[in-house]
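Colleague: I would like to learn how to read a model like this one. Please take me through it.

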Amino acid sequence: MNPITPIINGLKITLKHMFMKPVTLQYPTERPKVAKRYRGLHALNVSHDKAKCVACYLCPTVCPAKCITVEAAEDANHDKYASVYEIDMLRCIFCGYCVEACPVDAVKMTEEFELANYNRQDFIYSKERLLVK
Amino acid sequence: MGIEILGLPLMYYIAMVAKVLVAFVFVLLTVAYATYAERKIIGHMQVRLGPMRTGWHGLLQPIADGVKLFFKEEIIPSQASTFAFLVAPLIALIPAFITFAVIPFGGVIEVAGYKIPLQIAAYYDTTAGQVFDVNVGVLYILAMSSLGVYGIVLAGWASNSKYSLMGGLRASAQMISYELAAGLSIIAVFMLSGTLSLTKIVELQSGFGGFEWYLFKQPLAAFMFFVCSLAEINRTPFDLPEAETELVSGFCTEYSSMKYAMFFMAEYANMVTVCALTVTLFLGGWNGPLTAAIPLLGPVYFIAKVYFLMFVCMWIRATLPRYRYDQLMHLGWKVFIPVALVNIIVTGIIGYFI
């Protein structure tokens, strides 16, 4: 083949691309569309003003990154509840196994993906921070 | 028109200074915004946006870049040859700009009864009734463009770094071999025009409503001249002297701050010059429809043509990968030079019989 044709074909392709809509997302001003079942920051579901969690320890057991800390306690109605429920976001791999394992649908994952913080302590999410607002 | 200095009216000096200032500022602005245009065009060709943040659609980007480079630390390597190291960016930059002295960017305009040809190194002689310019304009341009290589070689040598040296050597080898082919390909134009004066060459292309371009008579020469010029100013796909995959940044590896910026300005100014020269020699210069009636249309056509060619440069940059060094030398010595020679012979034969 002569050497000119491929160059002309290449030029045609680049010219065509110049009139396409750019795929760039102007991030802080434009927000990405998060997929429906996106696995972002965790949240603890609330029912009757209390977390649904019954401290069954299934989520720390299934967690492959060992990032969930649960401590069980007994409340005034002699029901078991999680007095401590912490997720270390620096260790979490966002696999969603905790959500799958939960028998009472207490843990879910939100569409929140901006999890940056200024110090390491802030990455350990306590129960209060995880509760659904 | 009473005052005369050295036998020339005062208006001559005013017009000269005005032309120099306007052309220089215009080229500088074009150089600054060529970087922006290049980033934008290549961005869009890669389905990106390019600069968007500094000002509306990133329009202030060149100014921000300039300010940033100005405040960068100035580093002179301890083992470098200091004088040559300092002088090299200037040697690269100045020829790139002074080439514009002989390029005609418009016809003759009349201001307050005094006729001014829109070409810096030219004046309108009222007694003879014609424009006098540098009658070896093209030779001057070829001389200046080969001076530019000294800056690059000197930068490579003075930096005392092997990457810089390799870049400088490559640059000199490349520029010299492509200058031959570029020079040979414009000889065919002189055989048609019979003159080296750029004003005359532009005038000769003014037929057919401003479309009697040498591009149509010498398409091969035009193509070869443009490609060889790209190689001579180290633009992609011939940017081997600064091939970052092999040579870090080539001859400007050791440079920083404004001296680095000067190399970049030189590169873009060279691009403007080469495009302007191609327009002058092959695309009819400032000729176009209605230039005789409205003289100010001349510069407009000229700028439009130059900008179009600069767009083509950027388009090529977005399309083609870099040549290998042996391919580059093969293309220069074994393809372009023989073809240019054959073109000269064929032009001569046709010119003899017609």
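**Reading the two chains**

Modeller: Start with the contact: 12 residues come from chain A and 11 residues from chain B. Two residues are in contact if their C-beta atoms, placed from the backbone, lie within 7 Å. This is a predicted model: local features need pLDDT of at least 70, side-chain atom pairs count only at pLDDT 80 or more, and totals for chains, interfaces and linings use all residues. Residues are numbered from 1 along each chain as its sequence is written, while chains are lettered from A and ligands numbered from 1 in the order in which they are written.

Colleague: What span should helix H1 of chain B have?

Modeller: Helices are DSSP runs (H or I, at least four residues), and strands likewise (E, at least two), numbered from the N terminus. The expected span is 1.5 Å times one less than the number of residues. H1(B), residues 10-45, has 36 residues, so it should span 52 Å; its end C-alpha atoms are 50 Å apart, which agrees.

Colleague: Where does H1(B) bend?

Modeller: Compare axes fitted to the seven residues ending at a residue and the seven starting there; the angle between them is the bend. H1(B) bends by about 30° at Tyr33(B).

Colleague: Which residues of H1(B) are buried?

Modeller: Count other C-beta atoms, placed from the backbone, within 10 Å of a residue's own: 20 or more is buried, 12 or fewer exposed, in between partly exposed. The buried residues of H1(B) include Val27(B), Thr30(B), Val31(B) and Ala34(B). Val272(B) touches those four, plus Val306(B) and Met310(B), leaving out residues up to four places away in sequence.

Colleague: Which residues touch the most other members of the largest nonpolar core?

Modeller: In soluble globular proteins, nonpolar side chains tend to be buried together. A nonpolar core is a set of buried Ala, Val, Leu, Ile, Met, Phe, Trp, Tyr and Cys residues joined through C-beta atoms within 7 Å. The largest has 95 residues, and Phe225(B), Val272(B) and Cys275(B) touch the most other members. H11(B) gives the most, 16 residues.

Colleague: What does chain A hold in helices and strands?

Modeller: Chain A has 4 helices and 7 strands. Buried residues make up 14% of its 133 residues.
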